[in-house]
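Hi,

Here is the structure for your files. Please open it first, then read the notes below.

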Amino acid sequence: KELDKIQESQLQYTLKIQKEKKHGEELDESIQKARSQLKELQEKTRNGDINRVDEALNRKQINKLEHQLQIVNTKLSVIRSENSTIKYNIDELRRENVICIKSLHNAEIE
């Protein structure tokens, strides 16, 4: 009876040791995978600092967008200026038209 208890506890310890060994192997695999990912990222960025690369890309994109905005604002300014000139010309033509109509009306009356 006592021998059976000892054998049972030995079996339980053996199972626990195997379980811990398997868990340790899984952790080692996870560590190795994380190290390989880190190495891959470091190779991509050449210095291991992803934030600096992202910031540089963001700054580059911001500068590009600011330049495009500046171009669009310049075009808008030119178009507004042309629009003002066209409005002024339209107003002048309307005035001339009114004057012509009045002149024709006065000529018809005489």
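Which residue forms a salt bridge with Glu-92? Arg-95 does, with the closest N and O atoms 2.6 Å apart. A salt bridge here is a side-chain nitrogen of Lys or Arg within 4 Å of a carboxyl oxygen of Asp or Glu. By this rule the count comes to one.

A word on the source. This is a predicted model: local features need pLDDT of at least 70, side-chain atom pairs count only at pLDDT 80 or more, and totals for chains, interfaces and linings use all residues. Residues are numbered from 1 along each chain as its sequence is written, and side-chain values use heavy atoms, with hydrogens and water left out.

**The pair.** Glu-92 and Arg-95 both sit in helix α2 (residues 50–109). They are three residues apart, about one turn of the helix. Glu-92 is partly exposed at 27% relative accessibility, and Arg-95 is partly exposed at 44%. (Buried means under 20% relative accessible area, exposed over 50%, partly exposed in between, with a 1.4 Å probe and protein chains only.)

**The chain.** It has two helices and zero strands. Both types are DSSP runs, numbered from the N terminus: helices are H or I, at least four residues, and strands are E, at least two. The radius of gyration, taken over C-alpha atoms, is 42 Å, well over the 13 Å that the globule rule gives for 110 residues, so the chain is more spread out than a compact globule. That rule is 2.2 Å times the number of residues to the power 0.38. The C-alpha trace spans about 140 × 40 × 10 Å along its principal axes. Of the 110 residues, 1% count as buried.

**The other helix.** Asp-28 is in helix α1 (residues 2–45). Asp-28 is exposed, with a relative accessible area of 52%.

Best wishes
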